[in-house]
Amino acid sequence: MLARWVYLAFCTAAFVFLVAPILVIVPLSFNAEPYFTFTEGMLRFDPEAYSLRWYRSIFEDGVWTRALVNSLVIGVSATLLATSLGTLAALGLANSAMPARRTVMGLLISPMITPVIIAAVGMFFFYSSLGLAQTHLGIILAHAVLGVPFVVITVTATLSGFDQNLMRAAASLGAGPLRSFWRVQLPLIAPGVASGGLFAFAASFDEVVVVLFMGGLEQRTIPRQMWAGIREQISPTILAVATFLIVFAVLVLFTVEWLRRRGGQAPSGGD
Amino acid sequence: MVDQVIAETGLEASKQQARQRRRAVGLALPLIAFVLASFVAPLGTLLVRSAYDPLVADALPETLTLLRAWDGTSALEEPVYATAARELLQAREERTLGQIATRVNRIKSGLRSVVTRSVRKLRNASGDSWRETMIGIDDAWGEPEVWLAIRSAGERFTLRHYINALDLMRQPDGSIARQPEERRIYLPLLWRTLAISLGISALCLVIGYPIAHLIAHAPPRRANLLLLLVLVPFWTSLLVRTTAWIVLLQTQGVINSLLVAIGLVADDGRIAMIYNMTGTFVAMTHVLLPFMVLPLYSVMRSIPPSHVRAAASLGATPFQAFWRVYWPQTLPGVGAGSLMVFILAIGYYITPALVGGSKGQLISNMIAYHMQTSLNWGLAAALAAILLVGIIALYVLYDRVVGIDRMRLG
């Protein structure tokens, strides 16, 4: 019985450790004072101690809106590239006739395992020599390749649950390979493709190392701006931005879970 | 007749198979090409950079030819001085002199100013003997050391960066020896990175194992709710989580203020919990914990509770039932989670850079330092290459133990 209590107490502490740091940010972003801790007024729930000034300053200061535009442009382009190429490749990998399957899989997943700092240094050398450093295109290509593993893993997992007889049925009814892909296979694996794409987008939306090494002032994204905010002038504005990012994370999480229930064999502790 | 039919069917089947094969390869090929061009090629460039540096060799070709014929000790003759003076002045015109001086200075510190200052003065120098002029400007030009340094910096292909990155040095006679203990920087940092990563993996296992167990064997509704508590941090931006720890742990932060408020700590005795090793350790454990919990959870979920009950009914104590029956079945999850956390921890950059202060830096931060501050890109590339080899080894191990085709996100 005692062991059971110790176990539950330990687990509770572990969950608090996981979630509390993130939750602490939200109320602090409404702080009326430029501090990173709870003021006495906040603890007394004095309405005067709370304000929206840090939220206002996000919109007053053009850097954050510019960063958001950059993040979206880069993230969406990289996601489209990674998802289209990644889905095609997953279709090939799901075919039992694919030669050297394991090696190819190892290659395609390697961007996820390689420390980003190594990739970023190599990309800086290589993309500079092509004149792609400090351009949007360079960062889009870099983020796309970093997003590829997420798409490949998710779509391959979805395809492993796909009944190939459906394709044979479509063929026997006279559909060509392209038609049966568009009309039969793609609609069925769409949740998996979407959730792979969401993973790739989230990876790009949170990526800062490549942007630090390869991006210039024109390519400042939200995480890059947060990095600057933490390193240079630490202002509670970044807590307000962080609150937005937490809301974004929760939305992504629920979307992925919803897609998973729709049949995208995807992530989160999957089988 | 029958044989012929069989042969034809066989032929048809193998044709069909070849077609399938072509199709599978054709589908995968665009992505393979894309990954090779935008990911593998950059890593290749990195490896080239770590061992190839043509700058000095291109700038001072004739001087280097003369120096290569030199025994390294005897006094140099006028032609060497004349050629060097001409090529160095030329380099100054082409604005590469600064980079040459930096590279020579890395071989033997103190030589940067000797080179740049001398060449500045050489511009206005006139005389019959370049040798006397150069030695007149700086005595150093009469010593073999400058010339040896220029000769080493002029090697087009070089292991110099790897020698530096492994805390070795080349002795005057050409042999390689270890740096004296107080001058070793990179190997201790590498060991520290490995030790911290190991510590973080162990901590993640200790914290993650019970909560994965709790989630895996809870009723479905509660399990989903608890799983959310793991997934929210997993999806939350890394920078947000790092910011959160700064807010909590800094000296004017939430935890210190709380401790002061309840009188556990004096106001002038606030604890330094961040911008040091503790900060790196705590924040990284938090960031990597979901990578441990999720694989453990998915393995534990597939273990029928009847196994432990059967052990208990056969007279095992709760500890025996756990240790002899449950734990062995979770080993695949333990292996997958620990290896994943370890691999990710070794290459971590952002979190230590923001909360590690000067004491909590890892090998990645050293690579960034040489890229951005010291601008010794060759050394940065060599350090990155060494780290890359380690990661590839771990990746192969992961493939053997877990299988990369069984990797799931989260």
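Which residues in H4(A) meet which residues in H9(A)?

Residues are numbered from 1 along each chain as its sequence is written, and chains are lettered from A and ligands numbered from 1 in the order in which they are written.

Confidence next. The predictor gives the complex an ipTM of 0.91 and a pTM of 0.90. Chain B has an average pLDDT of 90, with 97% of the residues at 70 or above. pLDDT is the predictor's confidence in each residue, from 0 to 100. Where pLDDT is low, the predicted coordinates should not be read in detail.

Now the opening question. On the H4(A) side we have Ser71(A), Ile74(A), Gly75(A), Ala78(A), Thr79(A), Ala82(A), Thr83(A), Gly86(A) and Thr87(A). They meet Val193(A), Gly196(A), Gly197(A), Ala200(A), Phe201(A), Ser204(A) and Phe205(A) in H9(A). Contact means C-beta atoms, placed from the backbone, within 7 Å. Helices are DSSP runs (H or I, at least four residues), numbered from the N terminus. This contact divides into 7 nonpolar residues, 9 polar and no charged. Nonpolar means Ala, Val, Leu, Ile, Met, Phe, Trp, Tyr, Cys and Pro; charged means Asp, Glu, Lys and Arg; the others, Gly among them, count as polar.

How do the two helices cross? H4 spans residues 62-94 of chain A, and H9 spans residues 177-205. Their axes come within 8 Å and cross at roughly 140 degrees. Axes are lines fitted to C-alpha atoms over the stretch in contact, and angles run from 0 to 180 degrees between N-to-C directions.

On to the domains. Chain A is assigned domain 1 (24-60) and domain 2 (62-261); the bounds come from an automatic or database assignment. Their centres, taken over C-alpha atoms, are 35 Å apart. Domain 1 puts 12 residues into the contact, and domain 2 puts in 11. On the domain 1 side, H1 and helix H3 (53-60) of chain A each give two or more residues. H3(A) has the largest share, 5 residues. That side holds 9 nonpolar residues, 3 polar and no charged.

Last, the two chains. Here 79 residues of chain A contact 77 residues of chain B. Helix H1 (residues 2-28) gives the most to chain A's side, 13 residues. That side divides into 65 nonpolar, 11 polar and 3 charged.

How values were computed
This is a predicted model: local features need pLDDT of at least 70, side-chain atom pairs count only at pLDDT 80 or more; totals for chains, interfaces and linings use all residues. Two residues are in contact if their C-beta atoms, placed from the backbone, lie within 7 Å.
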